[in-house]
Amino acid sequence: MDFLTDQQRANFASFNQRLGLAPDELIHDTTEQHAQLKAVNDGPVIISSNPGESHIPVKIVPVGSIAELNKMVGLPDNGDDSDVHYPDPLPEHQTSLLQTANSRAELFAGLDDSTFETVKKAATAFLMGNSARLADHEPMINAMMFPGQVALATGSDLNIPAGQTYVIQGNDPVVLNYGRITVGTGAQIKVLTDTTLSTQIFVQQ
Amino acid sequence: MNNQTFYFTGNNYAQPATAGGNGGNGGPGPKGTDGIAHYLDYSCPPIYLVQPGSGGNGGNGTNGTTGSKGAKGTAAPNGILHFGDIQGDVTILVGGGNGQQGGKGGNGGDGGPGGAAGNLQKSIVNIFQIGATGTFGDPNFKAGSQGQAGHAGNGGDGGDGGDGGTVVVYYNSSTGNFHTQTTAGQGGNGGAAGTPGTGNGTPAHGNPGNPGRPGAAPVIKLFKNG
């Protein structure tokens, strides 16, 4: 990645390490990307957390807890959280299920519909806001949503030709780390699943 | 905005919610009992030994049921974007998916056909035509009426729009501008009412479902790294 400055290369390596990858690890290179895309017809190019449907190679990484995911992609705890919605504590009759349920299926069977929504919001706030404020929710988040996984894609260049659409999708989060992303005129990145993207240079033509 | 660089959204539903069940058609009315009559002559009124019965009314069609409520739209995903150094204008749109359209109301059932009137076994008993017999209809006894038509089912309510996600953007420098746009996921349309059944009476046409409510507004935050 000769087109990057020393500082940009260091930033790329730092983000890779945050994801648990080697500093210079590239899951695909530009050549491989082009080879993959030759197989794609006129439809959109898919980057998916489901490797079987992804046109761009992804690496699946297990994630054990919301705290671990926060270390990988979360925002700093001391950042601006003015728009973050911190949900109210769960009622005791819901949290007590963590001690009494013998399986995740049994836990889910005992949860109210509102608890699913609350825990989903709590998980989002954990990553987007001050995770310390979600300490009461953390055990339920982990019990309901973890262990999980994320799909990683890293490379030097991601070139999206003019008029092309890339779709980021799947049931799990997707994390991208590139040296440079170039989006051609009229091209679009459509995002359908939680996504974290890091690039040192971003070009919109 | 010629370019829409990023579009965070939930997928829309391809199909409306499940339609309501159609009402059942009424069963046919029972046939009237057969009768027996003697005539001195066909120009004379019959002498009923057993009067034929009129047909029974057909059964009523049952009502169509209400269509299912549409599901809530898919929430827009969350995004964290670290852009570094940007060249050009970047446009970011965020909006939840639209709610699912409500299911169509079920059609009302048709009223069952009325039963036929009983037949009349006729015998001529004058000296010239004695023994002449036949089976005929008797205009004094009629077929039953068709049953009542079933009411149409109401359309299901549309699902609420999907909630917006939160997209946070960090960048070091930019030669262009950011354009951001947030849209709430729109509520799904209500389902159409079903069709009333045919038959007697004045069956209700049913009402279309109510549209869903918009989802929560998305949030886009931009931060320039210090």
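Buried residues make up 35% of the 205 residues in chain A; a residue counts as buried if 20 or more other C-beta atoms, placed from the backbone, lie within 10 Å of its own, as exposed if 12 or fewer do, and as partly exposed in between. The model is predicted: local features need pLDDT of at least 70, side-chain atom pairs count only at pLDDT 80 or more, and totals for chains, interfaces and linings use all residues. Residues are numbered from 1 along each chain as its sequence is written, while chains are lettered from A and ligands numbered from 1 in the order in which they are written.

**Chain A**

Chain A has eight helices and seven strands. Helices (H or I, at least four residues) and strands (E, at least two) are DSSP runs numbered from the N terminus. The C-alpha trace of chain A spans about 55 × 35 × 30 Å along its principal axes. Of the contacts in chain A with a separation of 6 or more, 58% are between residues 24 or more positions apart; two residues are in contact if their C-beta atoms, placed from the backbone, lie within 7 Å.

The largest nonpolar core holds 58 residues, of which Phe126(A) and Val167(B) touch the most other members. Helix H7 of chain A, residues 113-128, gives this core its largest share, seven residues. Such a core is a set of buried Ala, Val, Leu, Ile, Met, Phe, Trp, Tyr and Cys residues joined through C-beta atoms within 7 Å.

The end C-alpha atoms of H7(A) are 23 Å apart, which agrees with the 22 Å that its 16 residues should span at 1.5 Å a residue; the expected span is 1.5 Å times one less than the number of residues. Among the buried residues of H7(A) are Thr115(A), Val119(A), Ala122(A), Phe126(A) and Met128(A). Helices H3 (66-73), H4 (92-95) and H8 (138-145) of chain A are included in what covers the buried residues of H7(A), together with E9 of chain B.

Leaving out residues up to four places away in sequence, Phe126(A) touches Ile66(A), Asn70(A), Ser131(A), Leu134(A) and Ile141(A). Val167(B) is found in strand E9 of chain B, residues 166-171. Val167(B) counts as buried because it has 26 C-beta neighbours inside 10 Å. With residues up to four places away again left out, Val167(B) touches Phe8(B), Asn78(B), Gly79(B), Leu81(B), Ile92(B), Val94(B) and Ile220(B). Val167(B) and Ile36(B) are 131 residues apart in sequence, and their C-alpha atoms are 88 Å apart in space.

**The contact between the chains**

Chain A and chain B each give 28 residues to the contact. On the side of chain A that touches chain B, the elements giving two or more residues are H7, strand E6 (188-191) and strand E7 (195-204) of chain A. E7(A) supplies the largest share of that side, ten residues. The residues of that side divide into eleven nonpolar, 13 polar and four charged, where Ala, Val, Leu, Ile, Met, Phe, Trp, Tyr, Cys and Pro count as nonpolar, Asp, Glu, Lys and Arg as charged, and the others, Gly among them, as polar.

**Strand pairing**

Two strands pair if DSSP finds at least two bridges between them.

| Strand | Partner | Bridges |
|---|---|---|
| E7(A) | E4(B), residues 79-82 | four |
| E4(A), residues 165-169 | E6(A) | four |
| E6(A) | E1(B), residues 6-9 | three |

Leu197(A) stands opposite Leu81(B) in E4(B). In E6(A), Ile189(A) stands opposite Tyr166(A), and the bridge partner of Ile189(A) in E1(B) is Phe6(B). Val191(A) stands opposite Phe8(B) in E1(B).

An open sheet of six strands, with parallel pairing, has the order E1(A)-E4(A)-E6(A)-E1(B)-E6(B)-E11(B). Its edge strands, each pairing on one side only, are E1 (45-48) of chain A and E11 (178-183) of chain B. From one strand to the next the twist averages 15 degrees, with axes fitted as lines to C-alpha atoms and angles running from 0 to 180 degrees between N-to-C directions.

**A loop glycine in chain B**

Gly114(B) lies in the loop between strand E6 (90-95) and strand E7 (120-124) of chain B. Gly114(B) counts as buried, because 23 C-beta neighbours lie inside 10 Å. Leaving aside neighbours within four places in sequence, the contacts of Gly114(B) include Gly29(B), Gly55(B), Asn57(B), Ala143(B) and Gln146(B). Gly114(B) and Tyr170(B) are 56 residues apart in sequence and 76 Å apart in space, C-alpha to C-alpha.
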